[in-house]
Each structure stands twice: as C-alpha cells, then as structure tokens.
Amino acid sequence: MKWVDRRNIVLLHISFWVIFALFKVFDYANDIPTNLAVRLVVCQHIFSLVGAYTHYFLLLPLLFQKRKRVVYTLGLTLLLALCILGRGWLESQLISGIFQTTYYDEWALARVLNMLWTLISFIVFISLIKFTIDRFVFESQKKELENEKLNAELNYLKAQINPHFLFNTLHNLNYLSQIKSDQATEVIVKLSNIMRYMIYESNKPSVTLAKEVDYIQDYLDLEAIRLNKAFDLKFDISTIDKQMEIAPLIFIPLVENAFKHGISDQQDENWINISLHSEKGRLEFKVENSLKEKSAGNDEASGFGLKNLKKRLELSYPKRHELSIQEASHKFSVQLTLKDS
C-alpha cells in the first residue's frame, strides 16, 4: 500500500513555488515592467529553490543520524555558501545595470545577510513540509497497523466460535444418523446453509440482519431436532428491520450459551425465550433460558463463548454496545444492545 500519493506531494511543492513566484512578480510589477519583475524573481529565488531541495534530499536525512551530524553541518555550511555566491553572481550578471544602484555589484554585509535569511527561510519551510508529511505517514502506518491487529484479533475470535458451533452441529448429525432418523436430510440441508454463511458471510465486516436471523433460525432448528426431550422455545423477530447492518456471528454465542447451560434431559422444565428488536440506530437482542441445576451459581455458567463475545464487541462496537447478564437460581438472562453511534 502507498501511504501517501507521491503525485500529491509533488503537486504540493510545485503549487507552492508557482504561487509564491506569481505573487512576487505581481508585487514587483507595480513598480517595474513585468519582464524585469520576472527576471528579478528568478535571480533572487532560483538558488533558494536549489538550496532548499538539495537540503531536502541530500542533507536532511543526515540530521537524524548521530554519526552524520558533523557531515550535515559541514554540508549545510557549504550549501549556504555556494547558493549565496551563486545568487550574487547571477544578480550581478542579469540585474546589475538595470536599476540605478550599485546594490547588486557590491558584497555588502546587509545584502549577504538578506540572501542568507531568505535562503534559510526556504530551507526551513521546505523541511517543515517534509516533517509534516512524515508525521502524516507515521500516523497512517500506525492506524493501519492497529486496524490490521484488530482485524487479526477479530478473525481469531471468530475462528474460536466457528469450530465450537460446527462441533455441536456435527454432533447433531451423528446422533440422527445413529437412530436412522429421516430428519438427517433436513440437518444436512441446514448444515450446508450454515457452512455457506460461515464461509461467504462471516468474514465480511457486516451483514444484513435478515441473514443473521436466518443463520440463527437454522441453528435453532438443528438443536430442536437433536434434543429428544420437548422444550419451550420462542423466537420473536416481529419488530426488526431486516436490512439493518450488523457484525456477523455476533448473536450466536448467546444462543449457544442458552442451549449449553439451559436445556437438560435431567429436569422437567426447559425453556428458551429469544427476542430481537430494532429501531432507529438501535438493536436489542435478549436471551432468557432455564438454568441447569448443576450450573446454578456457577461462575462458568456464562460459558467460554460469552468471554469471546465480550472481546468481539469491544472490537466491532467500541463504546457502542451494552451487555447485561443476570443470573438467578433457575434463570439466566442476557441482553445485548448495539448502537450505530
């Protein structure tokens, strides 16, 4: 990747010199003919341009090398001397005699100091342009490296979620195959839908809410097929904007957690209530489930998936999410709120 477009940098430098030269020509043209004004500007500033860019390309890089600072100082001194002598000679050849003054024929201290001040001013100004660009480049590199790090961490967290979900789904298919259930075909179809979603959609920064809902519905159907004990399941999506964009796979850890810690063949009452509601720039996802008796009061009840989810939320929705977890003796409740800004 190119951190900075070099053409823009070149245009920036050219624009500065063109604007400056035109300003000086028009300023001098108020008192002298335009052709003489052009000649005067060229004589006064051609060596400023040469000196500024000789310093920019050759000497400035030496300034930040400790062992080269003596070379830099000697080089800068030589450069200043050559540019002043060059300007003085050029002015004496092209300007002397045009004006009724001996200013351009004599090496008076005031004239030398004026030329030195002008030259140093341009050297410093052009150097500041380089420092500004370098700073911009550094910040761009830093920001992109941070984004790459965040994306790598985000992909790592997704990779931790996906195998866990696939394991559960394959376990469902294995169970149905063992009991020779006709529902095995349905599982294969839904598994293919899930695989397609995970391969083609999960790596995108965002997906429509409709796709995420279909993904969750397939998961719920597969779990309903696997569990041989009836349980009460509600999935309310009656108040959602299906075209809303969200991060993929952001809800499934909450659903997985509800099945993992809420449904058991060992207890009579098993239930899961899932609701999804969206309004202007706001999305609320709530999961409530019965809690296995052996998991009640257990710190691990929230599961490994929720720990990963918290990290993903920090990366995908920094300061734009709220995650509320409540646990009672026989009930576990999680509410996730996402905001556009």
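In what order do the five strands of the open sheet stand? The legends below treat a predicted model, in which local features need pLDDT of at least 70 and side-chain atom pairs count only at pLDDT 80 or more, while totals for chains, interfaces and linings use all residues. Residues are numbered from 1 along each chain as its sequence is written, and side-chain values use heavy atoms, with hydrogens and water left out.

View 1. The five strands follow the order β2-β4-β5-β7-β6, with mixed pairing; strands are DSSP runs of E with at least two residues, helices are runs of H or I with at least four, and both are numbered from the N terminus. Two strands pair if DSSP finds at least two bridges between them. Because β2 (232–239) and β6 (321–327) stand at the edges with a single partner strand each, one side of each is left without a neighbour in the sheet. From one strand to the next the twist averages 5 degrees.

**View 2. Strand β5 and its two antiparallel partners.** Strand β4 (residues 271–279) is joined to strand β5 (residues 282–290) by eight bridges, and the two run antiparallel. They form a hairpin with two residues between them, and G281 in the turn has a positive phi of about 65 degrees. L276 stands opposite F285 in β5, and F285 in turn stands opposite L336 in β7. Strand β7 (residues 331–339) also runs antiparallel to β5, to which nine bridges join it.

**View 3. The packing of helices α1 and α2.** Helix α1 (residues 6–28) packs against helix α2 (residues 34–63) at an angle of about 150 degrees, with the axes 9 Å apart; axes are lines fitted to C-alpha atoms, for helices over the stretch in contact, and angles run from 0 to 180 degrees between N-to-C directions. That makes α1 roughly antiparallel to α2, a term used for angles over 145 degrees. The contact (heavy atoms within 4.5 Å) includes H13, W17 and F20 of α1 and T34, A37 and V38 of α2.

View 4. Rings of Phe, Tyr and Trp (its six-membered ring) pair if their centres lie within 6.5 Å, and planes under 30 degrees apart count as stacked. By this rule the count comes to 16 aromatic pairs. The rings of W17 and F122 have centres 5.1 Å apart and planes at 20 degrees, so the pair is stacked. This pair links distant parts of the chain, with W17 in helix α1 and F122 in helix α4 (residues 109–178), 105 residues apart.

Methods
Parallel < 35°, antiparallel > 145°, perpendicular 65-115°, else oblique. Phe/Tyr/Trp six-rings, centres within 6.5 Å; stacked < 30°, edge-to-face > 60°.
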